[in-house]
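Here is a quick tour for anyone meeting this structure for the first time. Have a look at it below, then read on.

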Amino acid sequence: MKGLVISSLLLPLALAGVVPRAEEKVDYSGFKVLRVALPESTEDIEAQIEELAAHVLNPGKSAHLDVVVSPENIDAVTALAAESSVVNEDVGAALAEEGEFKAYAVPSESWFTAYHSYADHTLFLRDLQAGFTGQSELVTAGSSVQGRVINGIHIWGSGGKGSKPAVLIHGTVHAREWITTMTTEYFAWQLLTKYSSDATIRALVDKFDYYIMPVVNPDGFVYTQTNDRLWRKNRQTLSSNSCVGRDINRNWPYKWEVPGGASTNPCSETYKGQAAGDAPENRGLVAQVNALRDARGIRLYLDVHSYGQYILWPYGYDCSLRPDNDAKLRSLATSAASAIRAVSGTGYTIGPACSTLYATTGDSTDYTDVPGNATYSYTYELRDTGTYGFSLPANQIQPTVRETWAGVVSMLQGA
Ligand SMILES: [Zn+2]
């Protein structure tokens with residue numbers, strides 16, 4: 001197979017015009033991650049803390065907030081909280097452990113030892129597909145606010161293209177969750193490069209048609225590389241407010257209108273948008289889900305996020321409602337968590353999303369479960385549980401992608 005040597009020097013000139021350059025890149029040196037417990041009945045205090053924080057890392061979580069705070073605001077946040085502890089002493093130092101972007105001949109396992117630029121991720125997918133033209137093709141799912149195409153790869157087996165139920169996998173929904181780009185790429189890399197040598201993989205490729213989209217929020221992802229490493233949302237603007245971005249995982253047009261699982265404040269990390277499905281990225285993803293549903297149906301949908309080490313299934317919008325196949329959803333998640341633990345000892349918590357983590361409305365898995373009619377829908381929250389959070393060191397990429405793949409293989413076998 002011909003490997004392209006890729007380089008960040010190939011950063012697409014075509015995109016230069018749409019990447020905002022006006023703002024300086026945020027320097028997180030000396031910023032801390034504080035875990036704060038809120039006093040009782042404190043919506044006001046929560047809002048004040050969010051105002052003082054540079055970012056909320058776990059928006060929506062009720063038990064405690066993990067917030068990134070600048071040195072000058074640490075005392076003010078600590079004073080407002082009922083209790084607080086330092087989770088990370090220096091976010092800037094933690095980000096340095098992510099290492100430099102590197103270029104590799106791909107597809108090669110060494111790709112999974114470093115983080116990469118968006119341009120290089122696009123080339124990775126192209127080059128991987130070029131090595132397996134008989135059983136894969138590049139696919140798209142609409143485009144972003146700034147006009148970037150949402151890219152992915154479709155992989156099939158001996159039954160031929162489009163002959164089996166779909167497995168649909170979305171990564172990098174939230175821009176700062178870099179480990180999810182690497183992990184979803186690893187799934188595609190495994191399926192294609194191991195097909196001819198590994199009977200287990202071959203059986204899985206022959207069983208389903210795979211649609212793997214490693215970066216469904218390309219504008220946000222680019223912004224994390226140019227301006228703010230901890231950006232979460234897309235880059236959609238409003239005429240009425242200077243805050244930027246909709247939360248793509250609160251904008252899906254199913255139960256979007258239910259209160260409590262998203263924010264109506266454009267400045268919030270979980271801003272739901274002005275109307276259901278009004279983010280361009282969501283329009284493309286919804287069309288993709290609907291098309292796969294109407295073709296061979298969706299057997300398994302995975303929305304890959306970080307962090308927290310959870311495997312969650314519907315519903316997000318209602319904490320007591322359960323899908324008809326809740327028991328089977330639990331059994332596949334149990335087996336995935338065991339497979340992950342067997343590889344590395346990493347422990348996952350599993351359960352229905354709302355009751356296990358927090359309420360979410362307009363989220364992907366509620367959409368794929370009901371309007372998308374997917375048999376099984378899950379959200380993965382990958383490593384870790386907060387020490388590094390979104391900026392896992394480069395030396396944790398390979399352990400994370402390998403353990404997660406073991407979990408996903410066990411799900412695919414049972415699905
Ligand atoms: Zn996320």
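## Aromatic pairs

Start with the rings: the structure holds 18 aromatic pairs. To count as a pair, rings of Phe, Tyr or Trp (its six-membered ring) need centres within 6.5 Å; planes under 30 degrees apart are called stacked, over 60 edge-to-face, and the rest tilted. One of the pairs is Phe112 with Phe124, whose ring centres sit 6.1 Å apart with planes at 80°, so this pair is edge-to-face. Phe112 is in the loop between strand E6 (105-106) and helix H4 (118-130), while Phe124 belongs to helix H4, so the pair ties together parts 12 residues apart in sequence. Helices (H or I, at least four residues) and strands (E, at least two) are DSSP runs, numbered from the N terminus.

A word on what you're looking at: this is a predicted model, where local features need pLDDT of at least 70 and side-chain atom pairs count only at pLDDT 80 or more, while totals for chains, interfaces and linings use all residues. Residues are numbered from 1 along each chain as its sequence is written, and side-chain values use heavy atoms, with hydrogens and water left out.

How is the protein chain divided up by the domain assignment? It gives domain 1 (32-89) and domain 2 (113-224 + 274-414); the bounds come from an automatic or database assignment. Taken over C-alpha atoms, the centres of the two domains are 30 Å apart. The contact (heavy atoms within 4.5 Å) takes 10 residues from domain 1 and nine residues from domain 2.

Together the domains bury about 710 Å², with 40% of it on carbon and sulfur atoms. Buried area here is the accessible area (1.4 Å probe) that two parts lose on being put together, summed over both. On the domain 1 side, Leu57, Lys61 and Val87 supply 50% of the area buried against domain 2, more than any other three residues.

## Salt bridges

Glu269 makes a salt bridge with Arg176, their closest N and O atoms being 3.7 Å apart. This pair links distant parts of the chain, 93 residues apart: Glu269 is in the loop between helix H7 (218-226) and helix H8 (280-294), and Arg176 is in the loop between strand E9 (166-171) and helix H5 (178-193).

Now for some cis peptide bonds. The bond from Pro314 to Tyr315 is cis, with omega near 10°, and Tyr315 is in the loop between strand E12 (310-313) and helix H9 (326-344). The bond from Arg383 to Asp384 is cis too, with omega near -5°; Asp384 lies in the loop between strand E14 (376-382) and helix H12 (397-414).

How values were computed. Salt bridge = Lys/Arg side-chain N within 4 Å of Asp/Glu carboxyl O.
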